[in-house]
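Work through the exercises below with the sequence and the structure side by side, and try each task before you read its solution.

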Amino acid sequence: MGLGEADTRAKLIDPALHARGWTEDLIRREETAGAIEVVDGRPRRRARGRIDYVLRVRVNTASQPVAVALIEAKAEDLPPTHGLEQAKAYAACKRLNVPLAYASNGHLFVECDRVSGFTGNARSLSEFPTPGDLRVRYEKTMGFGLESPLARPLLMRYPGGEGTRRYYQDAAIRAVLEKLARGEKRALLSLATGAGKTYIAVQLLRKIAAAGQLRRALFVCDRDELRNQALTAFQNEFGDDAAAVSSGNPQKNARILIATYQTLDVDTEEAAATFLVANYPENYFSHIVIDECHRSAWGKWSQVLTRNPDAVQVGLTATPRQLEVSERSREAEADREVNADNLRHFGEPVYEYDMGQGIEDGYLAACEIVQRDIFLDDKPGNERETGVEQADLKDKTLRDANTGEPVGWVVTRARYDAAAFEDRLLLPERVAAMARDLFDHLLATGGPEQKTIVFCARDRHADDVATVLNNLYAACCAAEGRRRLEPYAFKCTAASGGQEYLADLRGASRHHFIATTVDLLTTGVDVPCVRNVVFFKYVRSPIAFHQMVGRGTRLDATSGKLMFRVYDYTDATRLFGQGFVTRPTTVRVSRPGETPPPPSERTLQVEGFDVRVTDAGQYIVTSVDGQARLVTVDEYRARLARRLVEEVPSLEQFRARWIVPPERREMLGRLPDAGRSALLVRALAEMTDFDLYDVLAELGYGLAPRTRPDRAEAFGYKHADWLSALPPATAATLQALTAQFARTGTDGLESPEVFSLPEVVRAGGLAALRSLGRPAEILREAKARLFAA
C-alpha cells in the first residue's frame with residue numbers, strides 16, 4: 001500500500017520541492033479555522049480545517065513573499081490528477097488568488113493554468129518549476145514586474161506578521177495591489193459580512209503607506225457605530241495619524257480620515273454634500289476606501305469619488321455581485337441600478353468571498369433557514385398569504401388604527417398586498433400567531449433567552465411584536481415558576497432612539513434578548529451573539545436582505561455560537577437569488593404598474609382573521625462548487641455522507657482513522673463546511689448525547705448509533721475479559737477514562753488535562769498506563785475497543 005496524502009507530502013513532495021529551490025519560507029500553509037465545539041461549556045476549535053499549500057516568491061530577504069501557485073498532494077498510489085478537475089483547480093486558484101495550481105503524487109505532477117485554461121501533461125517531480133521560473137510566469141501573467149515602483153506595496157510586510165491575517169484577507173489585499181501595480185486606480189472587493197472588511201482596508205492602506213505612496217486617505221462608512229469600530233482599527237496601525245471626522249471637525253491634520261456618509265452630507269439623494277465640498281477641495285485625497293458601497297443614493301455619495309478623480313479608489317461591499325431576482329419592484333430595480341453603477345465605476349470585483357465560502361472555511365456561523373407559511377382564514381384551496389381582497393374584510397371588525405374609530409369595509413382598498421400588512425393594514429391576530437410560533441421555536445431550540453433580531457414592517461409593528469413576545473415570556477416564566485430576566489423583548493428603531501440599546505443587545509447576557517426593529521439593525525452593527533434573524537416584514541431589496549442576514553453570520557467564542565437560524569415568515573429568503581434552490585414563491589411583493597396608496601390613506605386595524613402558521617421547509621446555506629447555495633437538510637446530510645465515504649470508503653477505515661487524532665482532524669477538515677457539517681447535523685438531529693463518531697458512522701455507513709454513556713457502558717461489559725487481564729490500576733484507569741468519554745466524547749478522552757482529573761488520578765492515572773509500556777499505545781487499543789463496542 002502506498003503512502004497517504006500526508007506522508008506523500010512529507011516524505012516525497014517536500015524533499016523534491018526543496019531540491020528545486022523551494023525553501024521553507026517560500027511554502028505557506030494556509031489553514032482555515034476548522035470546527036468549533038463546546039466541551040464542558042467552553043467553546044474551542046475541535047478540528048483543523050482545510051490546509052492549502054501555497055508557493056510564494058520573494059524579491060529580497062526583507063520583502064513580503066508573494067503567492068503565485070498552490071500545490072495539492074495526492075496519495076502515492078493515485079494518479080496526480082486524481083480529484084483535480086479543472087473546475088475545482090480554477091476555484092481553488094480563485095479562492096487563493098493565484099494563477100497556477102499543481103497536484104502531485106510524489107512522483108509526477110500536473111499543472112493547471114487558471115488564466116490560459118490549459119492543463120498540462122504529467123511530468124516528473126524532478127522537473128518542477130523553480131521559484132525563479134514561477135516568478136517569471138507570474139510577472140508575465142500579471143503584466144508588471146515585482147520590482148517596479150507601482151508594485152512596491154505588494155512587497156511590504158504585514159506589520160504584526162502573518163499570524164493574524166486569514167488567507168482570503170491576504171488574497172483580497174493582493175488582488176487590489178496587483179490591479180494598482182498595473183497602473184489602474186479603481187478596485188472592487190465583495191466579501192461577506194463578518195469577513196473582516198475593515199481589517200482588509202487597514203492593511204491595504206498600511207502597505208501603501210509603507211511603500212511611501214500614501215499622501216492622505218479617506219475611509220467612508222455607514223453610521224457612527226461603524227466609524228467608531230473603524231477608528232479603533234486604524235489607530236492600532238496609524239496611531240494619531242488616524243482620526244474620526246465629525247460635523248464640527250474635518251480633521252485636516254490627520255493622514256487617515258474616517259467619516260460617515262451622513263457626516264459628509266452624501267447619505268441621501270436630497271443631501272447637498274455641503275460638508276464634503278466645504279472642507280475637502282478636489283483631489284484632496286490620494287486614496288479613498290468606500291465601505292458599504294452597495295448603499296443607495298449613488299448619485300450623491302459618488303461625489304466623494306468624482307471630486308477625487310486622481311485618487312486610488314477601492315469599494316467594499318457585502319452584497320454578491322449577481323442579484324438575480326425574478327420579481328419586479330422599485331426596491332429590486334434600485335438595487336440593480338446601484339450594482340450596475342458600482343460595476344461601471346470600479347469594474348468587476350477583483351476578489352469575492354461569499355457567505356457560503358465563509359461557512360465552509362469555518363470563519364462564519366453555519367446558517368439554518370426555517371421557512372414558515374401563513375394562512376389567513378384558512379379554507380380549502382387557499383394559498384399562503386398573498387394579500388386580502390376587499391370582500392375578505394366584510395365580516396371583520398375595522399377601526400382607524402390611530403383613533404380607534406370604527407370604519408366600514410366599503411372605504412377600504414380593492415386589494416391589500418401582503419407587503420401592506422402591519423403597514424397600512426394592522427392584523428393583531430397575525431402578529432400574535434407569528435410571535436407565538438417564533439416563541440415556540442425558541443423554546444424548542446435552547447430556550448426563550450436567545451439573542452434575536454426581528455425585522456418588522458413599521459415602528460408600530462415593532463412595538464406590537466415586542467409586547468406579544470413579552471407577554472408570552474411572562475406567561476412562560478410564571479408557568480415554570482422562574483424569575484423573568486428583563487427587559488426581554490424591546491423595540492430598537494431609529495425613531496425610538498434604539499441606538500442606546502445596542503450595547504445591551506451585544507453585551508448583556510441576562511437581559512435585552514429580542515430586538516424588534518425596522519431598519520436600524522440592517523447594517524453597521526456588530527452583534528456576534530445573535531443566534532436568530534427573523535423576518536416578520538416583507539423585504540423587497542436584495543441588498544437590504546443580505547445585510548439583514550449578515551447580522552447573524554459572525555461567530556461568537558464567548559457564548560460558543562456555532563450557527564444561527566433565519567426564521568422566514570415572509571419568503572424573504574427568495575432574495576438569496578435564482579441561483580439558490582428554493583421552493584416556488586407565491587408571495588406577491590408588488591404588482592407591475594400598481595399605483596401606490598395616497599399618503600393620506602388611513603391605517604386600519606382589522607380583527608377577526610383566523611391565522612394559521614405552518615412549516616414550509618428547513619434549509620442550510622452551504623458552499624456548492626464555490627458558490628453559496630441553499631439546500632434542504634436532507635440534501636445537506638446526503639452531501640456530508642457522500643463526502644465522508646469518498647474520503648473513507650469503509651467503516652473499518654473510518655474507525656481506524658478516528659482513533660488517531662491527526663488523521664481524524666485531517667479527515668474532519670475535509671468534510672463540508674470545515675468539518676462543522678458534522679456538528680450541525682448532530683444539532684439538527686438532536687443527537688447531542690452522541691459522539692461525532694456515532695453521528696458520522698450512522699450517516700455514512702449505517703451503523704446503529706450509541707449514546708456516549710451507552711458506548712462507555714458497552715466497553716465495560718464487552719471487553720471485560722481484556723480488562724480483567726490487565727493490572728487492576730490500569731483497568732480502573734481505563735474505566736475512568738471511558739467515563740470521561742461518556743461525559744465529553746472523543747475530545748474529552750484525548751484532552752491533555754484528562755489525567756489530572758481526580759477520578760482518573762484516584763484510579764491510578766498515567767503511572768498505571770506506563771506500567772504496561774507506552775501509554776499512547778494502550779490508550780489507542782482501548783479506543784479501538786471502545787468504538788468497536
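**Exercise 1.** How many residues has the largest nonpolar core, and which residues have the most contacts inside it?

*Solution.* The model is predicted, so local features need pLDDT of at least 70 and side-chain atom pairs count only at pLDDT 80 or more, while totals for chains, interfaces and linings use all residues. Residues are numbered from 1 along each chain as its sequence is written, and side-chain values use heavy atoms, with hydrogens and water left out.

A nonpolar core is a set of buried Ala, Val, Leu, Ile, Met, Phe, Trp, Tyr and Cys residues joined through side-chain atoms within 4.5 Å, where buried means under 20% relative accessible area (1.4 Å probe, protein chains only). The largest such core has 86 residues, and those with the most contacts inside it are Phe-535, Phe-654, Trp-658, Leu-696 and Leu-734.

Next, take Leu-734 and set aside its neighbours within four places in sequence: its contacts (heavy atoms within 4.5 Å) are then Trp-722, Leu-723, Leu-726, Leu-769, Ile-778 and Ala-782.

**Exercise 2.** Find which residues of H27 are buried, and explain how they are placed around the axis.

*Solution.* Helices are DSSP runs of H or I with at least four residues, numbered from the N terminus, and H27 covers residues 775–788. Its buried residues are Ile-778, Leu-779, Ala-782, Lys-783, Leu-786 and Phe-787. They lie on the same side of H27 because they cover an arc of only 160 degrees around the axis, the arc being that of the directions from the helix axis to the C-beta atoms.

Technical notes:
Helix = DSSP H or I, 4+ residues; strand = E, 2+ residues; numbered from the N terminus. Expected span 1.5 Å × (residues − 1). Buried < 20%, exposed > 50% of the residue type's maximum accessible area, 1.4 Å probe, protein only.
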